[in-house]
Amino acid sequence: MFYNRDQMENRDFVIIGTGPAGISAAITAAKSGIEVTVLGEDPRIGGQIFRQIIPPLQAQRHYIETQNQILFRRLNKELEKVHIHFLSNTVVWGIFEDKIIATDSKDHPLIKAKKLLIAEGAYETPVAFPGWTLPGVMTLGGIQILLKSQGVIPQGKILIAGTGPLLYFTAAQLVKNGANVIGVLEASPLSQWMKWIFQLMRSPKLLWKGIQYLLILKKHRVPVYYSHVVVKAQGEEHLEKIVFAKADKHWKPLRRTEKTMKVDILGLNWGFVPSTIFSHMAGCEHECDPLMRWWIPKTNSNYETLREGIFVAGDCTGIGGVKLAVLEGKIAGIEVTFQLGRISKLMADRHQARLKKSLSRQQWYYEFLRKIYAFRSGLLHLLSDDTIICRCEEIDYKTITKIIEDGARHIDQIKRLLRVGMGRCQGRFCYPTLLGLLANILPLNELRKEDFSARPPAKPIPLKILSKESPLEEENNKL
Amino acid sequence: MVKRLKYIERKEAFTIQIDGESVTAFPGETLATALLATGKKKMRRTLKNKRARSYFCGMGICNECLVRLEDGTRVRACQTLAYPSMKIQTEE
């Protein structure tokens, strides 16, 4: 495959991502007759939250909680009524000037969008600590995917650690499916949770769900340790045991309370951070939120970024969950419909006003999640000299602190000096930690200006798809 | 490292080769699932320090689960469906 402009297709409205925001925007625009193209890496739509079992695997009975299944079915029903070009199994690896999108698809290598919506979602907040690169240490999202899309559960002694609702949810799901969960380590104190639970009264459904998970854990005798963190993971070739400790309210481990536990699988979740690789690549301006250790693209109230015609929606605009994602997707979809001349400004405004009202009613949940997952400084105390910060390039804590002591002040500086963030994950798993380290030396207003640059490829692609079909080979044949 | 749940309906199994060993996989399973179901834990070694790495994020962004196909291409085991007679290599 070789990329040249003759192959470029023009499309009216292109959406990257098939999660709740992407699908909702697609439906909204397609309903008004807009030609919509949706790009997704998976064979089916849904993104991470709606992950389904991959056919022909089939679940004989409900073995997972029906989290958001009703909403997913409703969206699917609506999708049946509209016409959308869905390009599945398509990896987007670059966004270039003029909303040109490069994919790994032979049939659609280059797509030029009149309007572009980036709905790239989120991923789990990476927290570096000694041993977090060992086989057997994985994210709770990773465990969820094994269960939801593959019908398998981790084997052996499973410990779940981090903070927040996903710990209890996943632990309950696992034990219901017969997994051996030996405990849940929650970094925040129980007293803190009691206060948060009051806020959950706004959503009795959520509160009830939470209580149910805790009851399941109780029934299966899975202990929950509040104010506890994993200090290190140990093992030669894979995880064998963990050291854990009591934590203070800033999640700082109290070393004298350290204990060791034999563990086969460690599932971690510290919340989520927005994915912004594509919005960065598209040249959108971003805002850094040091407290959450994330960046979000700056937008107007219709989710259009400062780059005209480029929109963002869903968790990539800040972690708000599925309901907010749907509303944001719809608002962006209406705006695109208006900008492409299918509906009047008046009509767009009226629709959007209604949706924005629902949005503000749901805003409390965004704030709730912010409180739970806000970064606590204590986690930086987990780092030891040889703790890997950049997993791809294997750069450790000592090397990075040395460069900072020598005067490096920006993520892009550290990147150029050490190759941190230049590996295959493109900084997704080290930038949040770097931000945490810079917070020790930079004043908050300086830290807020911190940003990074993202370069293609956003996902690894074979080099051969960038070159003309083996030109050297042809030359050789001639000789 | 993982166990297949009993109440999942699976079509007829096939064999793939992992490091020369015959391994059972089912249609719809990824390379990661097939590999982890054998009890194997490691997927690759890092270039610099030769440390073992494996399945981590599960959604194709951490790239820790890279394995090598017969033609030399490296793919993310969590994002690649297994198909009959596939041959993969885990060491780097």
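**Ground rules.** I am working on a predicted model, where local features need pLDDT of at least 70, side-chain atom pairs count only at pLDDT 80 or more, and totals for chains, interfaces and linings use all residues. Residues are numbered from 1 along each chain as its sequence is written, chains are lettered from A and ligands numbered from 1 in written order, and side-chain values use heavy atoms, without hydrogens and water.

**Chains A and B.** I noted a salt bridge between the side chains of E41(A) and R76(B), at 3.1 Å, N to O. In contact (heavy atoms within 4.5 Å) I found 54 residues from chain A and 46 residues from chain B. Y7(B), F56(B) and I61(B) supply 18% of the area that chain B buries against chain A, more than any other three residues. Together the two chains bury about 4,400 Å², taken as the accessible area (1.4 Å probe) that two parts lose on being put together, summed over both. Carbon and sulfur atoms hold 54% of that area.

**Domains of chain A.** An automatic or database assignment sets the bounds: domain 1 is 5-124 + 273-372, domain 2 is 137-269 and domain 3 is 377-438. I checked domain 1 against domain 3 of chain A: their C-alpha centres lie 31 Å apart. Seven residues of domain 1 touch nine of domain 3. This pair buries about 750 Å², with 74% from carbon and sulfur atoms, and I counted zero salt bridges there.

**Helix α10(A).** Helices here are DSSP runs of H or I with at least four residues, strands runs of E with at least two, numbered from the N terminus. G407(A) follows the helix with a positive phi near 120°.

**Strand β5(A).** Four of its five residues (92-96) are buried, so β5(A) is largely enclosed by the rest of the structure. β5(A) pairs antiparallel with β6(A), residues 100-103, over four bridges; pairing takes at least two DSSP bridges. V92(A) faces T103(A). Three residues lie between the strands of this hairpin, where D98(A) has a positive phi near 65°.

How values were computed
Buried < 20%, exposed > 50% of the residue type's maximum accessible area, 1.4 Å probe, protein only. Salt bridge = Lys/Arg side-chain N within 4 Å of Asp/Glu carboxyl O.
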